[in-house]
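Please examine the sequence and the three-dimensional structure below. A report on selected structural features comes after them.

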Amino acid sequence: MKLPSLDYTCPATLTEAIAALASHDGEAKVIAGGQSLMPMLAFRLAAPKLLVDIGRLPDMDRIDISEDGVDLGALVTWRRIERDARLAQAHPLLVAAIAHVAHYQVRNRGTVGGSLAHADPAAELPGIAVTCDAVITIAGANGTRIVPAAAFFRGGLETVLKPDELIVSMRLPAWRRGRRWGFAEFARRQGDFAMAGVAAYYNLDAQGAICDAHVGVIGVADRPMRLREVETVLNGRRPSIELVRHAADAARGAVDPPDDIHAESAYRRELVGVLLERVLASAGDIDMPEAT
Amino acid sequence: MTEPVKLLVGAAVERMEDARFLAGSGTFADDLVREGMLHAVILRSPLAHARIIGIDASAALAMTGVHAVITAAEIGGDIPLIPLRLAPLPEFEPFRQPVIARDKVRYVGEPIAVIIAETRALAEDALEVIDIQFKALTAVTERGSGAHALFDGANDNVAVRYDAGFGDVEGAFAVADYVRTECFSVQRHTALPMETRGLFAEWDSVAGRLIVTGATKVTFYNRRTLAGMLGMRTEDIDLIEIDVGGGFGVRGEFYPEDFLVPFAARMLRRPVKWIEDRREHLMAINHSRDVACELSIACRSDGMFLGLRGKIFSDMGAYIRTNGGVVPAKAAQFLPGPYRIPHVGVSVEAFLTSKTPVGTYRGPGRFEANFFRERLIDMVAGDLGIDPAEIRRKNLITEEELPYPINGLVPYEGPTAYDSGDYPAAFERTLSEIGWTEKQNLQGRLINGVRHGIGLGCFVESGGAGPKENALLTLEADGSLTVAVGSSVLGQGLETVLGQIAADTLSIPFDRIRVLHGSTTLLDEGFGTYHSRAVVMGGSAVLDAGKRLREKILQRAAERLGRPNSELRIVDGLVVAANGAAISLASLARDGDLSADGTFSNTARTYSYGTHAVHVTVDPRTGAVNILDYVAVEDVGHAINPAIVHGQAIGAIVQGLGGVFLDHLIYDDEGQLLNASLADYLVPTASDFPTLRAITLELRPSPSNPLGAKGAGEGGIVAVAAATANAVAAALAPLNVEIHHLPLTPARLWRLIKDARDRAAAA
Amino acid sequence: MTSVSVHLRVNGAAATMTVEPRTTLADALRNELRLTGTHLGCEHGVCGACTVTVDGAAVRACLMLAVQAQDRDVMTVEGLGDAAHLGPLQRAFRKNHALQCGFCTAGILTTAHALLMDEPDADEDRIREVISGNLCRCTGYLPIIAAIVEAREACRGMQREAAQ
């Protein structure tokens with residue numbers, strides 16, 4: 001399982017990186033931490049002629065927190081997110097979700113940009129991006145563009161990135177005070193890709209009713225999904241046992257997961273319901289009756 | 001003169017092999033480098049069943065740095081067939097695997113060509129441009145697909161069927177108060193040693209000799225096999241064993257590459273290295289398990305077992321390799337287990353499919369048989385209203401009944417009998433450790449959203465298989481001792497264990513002993529490591545050689561010191577006489593060769609035994625199982641190194657739990673292996689099963705060998721599925737869920753629960 | 001595809017590796033520098049056997065190109081102590097029988113070393129979580145976790161020294 005033959009360049013500037021990508025007729029690929037790309041190369045599922053290592057580009061490993069939200073540079077690693085004490089306040093959902101990403105060694109190298117670009121349907125960060133209305137800044141030969149996460153993922157391992165483009169950063173909108181939230185996923189083993197995962201948050205209005213509900217799922221479709229039907233169920237209602245059940249049922253109805261070697265579709269569908277129930281129960285401090 | 005000698009046998013001494021591993025200075029196959037070395041990569045069939053129409057390697061051969069593409073055409077003549085080393089039923093002969101496919105491929109992963117190039121990466125580049133034309137044939141992926149016979153001349157895909165047993169089974173069932181029949185299965189999985197296979201072959205053109213490094217397990221047998229295939233004299237080939245990254249039954253058998261790599265080295269007159277990559281490992285190395293069983297039991301209403309009838313159906317994959325019919329034969333043999341069952345009948349059907357061939361994996365057949373039987377016993381207990389512990393207690397063979405013959409269950413084996421032990425004692429110990437009585441109120445209870453269950457599984461396990469093992473002990477001129485043994489080391493700490501035995505026998509400090517093993521250069525003949533035999537056989541041979549060498553040393557010392565043997569003893573590198581005169585071992589060795597051969601022959605097997613108990617919780621909504629407590633009790637007769645025995649037990653339990661919950665080689669209907677990567681072939685990690693306890697008993701030594709030891713390498717795995725599945729079933733009993741099939745994935749358990757609920761709702 | 005030279009530090013000393021760009025760090029360490037203590041168990045980033053530290057952080061050396069190690073500071077198992085001078089972590093492994101075949105051991109030692117240098121107070125659960133990224137087929141992991149827990153105190157001393 002040796003890598004296919006390829007060239008390598010490690011540009012010092014973003015401009016050089018884009019030029020290198022543009023110079024190879026679509027046969028160049030970005031590498032940063034390599035935690036997703038290297039296995040693809042080892043299996044020879046990808047065989048680019050040129051790897052453009054963006055690992056030494058300046059200023060792309062910044063975590064900036066402002067009133068506008070949280071900006072994560074493409075080169076920010078899971079380890080950096082895990083260790084940035086500010087993020088516990090600035091975006092607790094991000095921190096909770098990222099805690100599930102892979103294993104220790106991978107977390108030291110795996111990056112925000114790599115995860116987004118790889119677009120695994122079960123990956124946590126793309127799920128958070130979609131759930132939280134993140135926007136992704138992309139630089140390419142034709143300049144810079146900003147793409148909402150919802151439009152960024154096109155399918156399994158497919159994004160809107162063009163061959164001469166790379167991800168510069170991702171912005172999560174500011175985390176509103178008082179937000180209720182939760183994240184849960186179910187994997188065969190610790191660190192494995194989730195068989196299903198659910199992220200959710202909402203605020204409570206003055207009447208104690210849910211507003212601005214966001215519910216997203218991973219691992220149950222060809223890309224991360226927002227469950228608008230579930231959000232509709234939640235918005236305008238007070239958290240309750242009944243509402244949680246209603247929302248979980250809506251979630252079951254909103255997904256149509258594929259079968260795979262780990263589980264049949266119906267199981268994953270049920271997982272989405274159970275996980276959402278658990279997420280909403282924990283977010284709303286609701287003591288759900290014990291299931292049998 | 002009588003200060004106590006501190007014996008090493010029985011002590012948990014630190015392992016002599018560890019320093020090199022911990023420092024990264026071990027030598028594994030891929031660490032070998034020679035001037036002029038070339039690299040081999042195997043092109044494997046992408047199809048499960050197909051005719052090979054043509055192979056065009058011209059583009060590959062045109063690449064700079066590619067030295068050869070070897071196909072069946074280059075090998076020419078009759079393609080050698082891999083022999084049946086074990087369980088060699090004549091019915092298997094037509095289904096032996098050729099070392100390379102010529103006209104037809106029968107599983108995904110079957111070797112078609114060997115690419116030899118300057119680097120491994122280049123060989124893989126070349127592999128991609130070899131063009132093979134196939135005519136796809138229908139793949140067979142399950143039993144009973146007789147319409148598509150995989151072998152010419154065969155009417156169906158059954159390799160062998162036989163009946164065996166003892167007593168009057170029909171009679172027992174006819175008079176029984178109670179009979180139950182259930183079908184069970186254990187999924188196809190494999191051992192997955194951390195080091196993939198690797199071979200390094202060197203051809204000495206001048207001497208006409210071949211040296212193959214990276215061999216293990218049964219090196220002498222493999223040498224004879226290779227010599228026959230290459231048309232060489234056995235003595236012109238040496239197989240060298242170096243450090244080995246785990247075996248567990250799968251590594252070291254004679255595989256196609258064991259011919260192909262040496263063949264390439266001889267053909268090219270260059271050293272050739274082949275290192276299996278993980279992807280090909282999963283499709284090339286022996287798979288195992290994949291056994292289904294229809295099991296019937298006949299009982300009295302008080303729970304006494306009267307008869308057992310089992311039909312074993314074993315998916316052997318595409319060929320019958322070296323292990324022959326061991327897996328189904330042992331699944332049949334171990335169906336009755338440690339219980340007094342007077343009438344036992346088994347029937348075995350080994351059938352072929354378009355999958356990777358099957359061989360042994362730690363506890364072959366036993367893991368399966370124990371699961372089948374212990375599950376059925378729990379169902380019987382439920383039906384008869386008897387506590388699962390009580391029904392076992394009633395039926396366990398007692399010490400007074402030992403030796404207990406279990407003849408006639410394996411057609412190619414002679415008589416055998418459970419040797420020694422106190423089965424009820426090990427059983428009761430397990431019950432008290434797990435808290436069986438105290439925890440009964442937890443059975444099936446829902447607490448904080450999860451259901452609790454406690455399960456039991458009893459087992460008996462054979463080891464120490466004969467026929468023989470040899471050892472050679474040599475006192476070196478510096479007073480150190482070299483132990484050479486025909487047993488192989490697969491990472492289990494055998495160097496240490498044999499060193500302990502030699503140290504005690506010769507009173508030589510442990511750190512002055514070097515243990516050499518496995519290689520065909522060491523001894524005239526060796527028998528290897530399988531069937532939990534290395535300590536029993538190799539250890540006894542070392543003991544024998546040690547006693548002989550001790551006599552020789554004392555004899556020579558007697559001559560030098562002028563004192564009779566009876567007044568001499570060996571102390572810390574010196575031979576000391578009663579009168580205080582002393583001479584160093586080094587000095588004695590410098591007088592001329594001081595070495596002794598030892599041997600141990602044995603036809604009786606050792607039978608370890610014990611009980612596992614498991615406390616689990618099951619989340620009925622997700623199917624997630626958590627192990628709260630796990631107790632494994634096994635009597636190994638005599639533990640030469642308790643820490644090593646404990647390590648074998650814990651390691652085996654975790655492997656077994658992988659077999660229960662995770663490990664699964666999954667094929668689709670076209671015979672494609674769907675999970676040939678470690679991302680999808682799941683094995684346990686450190687966080688999966690953190691709470692396990694293994695208790696080693698030494699209640700009864702084995703009567704079959706002077707060490708009193710019983711094989712201890714495999715007993716830890718054989719009751720894991722039995723006990724664990726029983727615990728899961730106990731947890732889910734209130735939901736009317738029964739467990740028949742492994743693996744217990746969350747999705748499968750969820751489906752069982754859902755179906756049971758749907759049935760209840762419909763009723 | 002011509003070979004390039006990579007300059008880095010390995011186990012405290014300057015080193016140069018001449019490699020094809022496609023060469024992984026693991027292969028380069030093994031084949032160019034003959035540091036064969038780093039083992040390849042899967043070559044696709046799952047088993048952890050090839051773990052080394054890069055600038056102090058544990059990484060899978062099969063998931064990093066050798067060229068990406070330019071100017072980095074790499075430590076392999078050979079940097080932890082040779083057979084005659086085992087370090088505290090290695091000694092704890094030997095004492096606890098935390099290895100059998102020894103193939104996965106290097107990656108577990110380097111992972112544990114990185115963890116204890118970085119998080120000297122890591123508790124048993126944290127150690128287990130971290131080691132869940134390394135596969136071992138022999139030991140069942142229990143003695144490995146016990147050894148790392150036991151080595152913690154000695155490693156705290158090393159960590160303090162390193163910090164000074």
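The sections below treat the basis of the model, chain contacts, the nonpolar core, helix packing and local backbone features.

## Basis of the model

This is a predicted model, in which local features need pLDDT of at least 70 and side-chain atom pairs count only at pLDDT 80 or more, while totals for chains, interfaces and linings use all residues. Residues are numbered from 1 along each chain as its sequence is written, and chains are lettered from A and ligands numbered from 1 in the order in which they are written.

## Contacts between chains

Chain C contacts chain B through 48 of its residues, which meet 46 residues of chain B; two residues are in contact if their C-beta atoms, placed from the backbone, lie within 7 Å. On the chain C side, α2 (88-95), α3 (105-118), α4 (124-131) and α5 (142-163) each supply at least two residues. Helices (H or I, at least four residues) and strands (E, at least two) are DSSP runs, numbered from the N terminus. This side of chain C comprises 24 nonpolar, 15 polar and nine charged residues. In this classification Ala, Val, Leu, Ile, Met, Phe, Trp, Tyr, Cys and Pro count as nonpolar, Asp, Glu, Lys and Arg as charged, and the others, Gly among them, as polar.

Between chains A and C, 23 residues from chain A and 22 residues from chain C take part in the contact. The elements of chain A that give two or more residues to its side are β1 (7-9), α2 (37-42) and α6 (104-109). Of these, α6(A) gives the most, with five residues. The side of chain A that touches chain C has eleven nonpolar, nine polar and three charged residues.

## The largest nonpolar core

The largest nonpolar core has 423 residues, and A:L276, B:I115 and B:I653 have the most contacts inside it. Such a core is a set of buried Ala, Val, Leu, Ile, Met, Phe, Trp, Tyr and Cys residues joined through C-beta atoms within 7 Å. A residue is buried if 20 or more other C-beta atoms lie within 10 Å of its own, exposed if 12 or fewer, and partly exposed in between, with C-beta atoms placed from the backbone.

Helix α14 (residues 534-561) of chain B gives the most to the largest nonpolar core, with twelve residues. Leaving aside residues up to four places away in sequence, B:I115 touches B:A40, B:V41, B:L43, B:A60, B:V66, B:V69, B:A123, B:A126 and B:L127.

## Helix packing

In chain C, the buried residues of α4(C) are C:I127, C:R128, C:E129, C:V130 and C:I131. Their cover includes α6 of chain A, together with α3 and α5 of chain C. The axes of α4(C) and α5(C) come within 10 Å and cross at roughly 125 degrees; axes are lines fitted to C-alpha atoms, for helices over the stretch in contact, and angles run from 0 to 180 degrees between N-to-C directions. The two helices, α4(C) and α5(C), are therefore oblique to each other, given that angles under 35 degrees count as roughly parallel, over 145 as roughly antiparallel, 65 to 115 as roughly perpendicular and the rest as oblique. At this contact, C:E124, C:I127, C:R128 and C:I131 in α4(C) meet C:I144, C:I145, C:I148 and C:V149 in α5(C). The contact residues divide into six nonpolar, no polar and two charged.

In chain A, helix α11 (residues 241-254) packs against helix α12 (residues 265-283) at an angle of about 150 degrees, with their axes 8 Å apart. Accordingly, α11(A) and α12(A) are roughly antiparallel to each other. The residues in contact include A:V244, A:A248 and A:A251 in α11(A), and A:V272, A:L276 and A:L280 in α12(A). By class, this contact has eight nonpolar, one polar and six charged residues.

## Local backbone features

Most residues other than glycine have a negative phi, and most peptide bonds are trans. The bond from B:L402 to B:P403 is cis, with omega near -5 degrees, and B:P403 lies in the loop between α11 (388-395) and β16 (404-405) of chain B. The bond from B:L742 to B:P743 is also cis, with omega near -5 degrees; B:P743 lies in the loop between α18 (720-732) and α19 (746-762) of chain B.

C:E43 has a positive phi of about 60 degrees although it is not a glycine, and C:E43 is buried, with 28 other C-beta atoms within 10 Å. C:G41 lies in the loop between α1 (25-32) and β3 (51-54) of chain C, where C:E43 is also placed. C:G41 is buried, with 27 other C-beta atoms within 10 Å, and its contacts include B:M194, C:F103 and C:L135.
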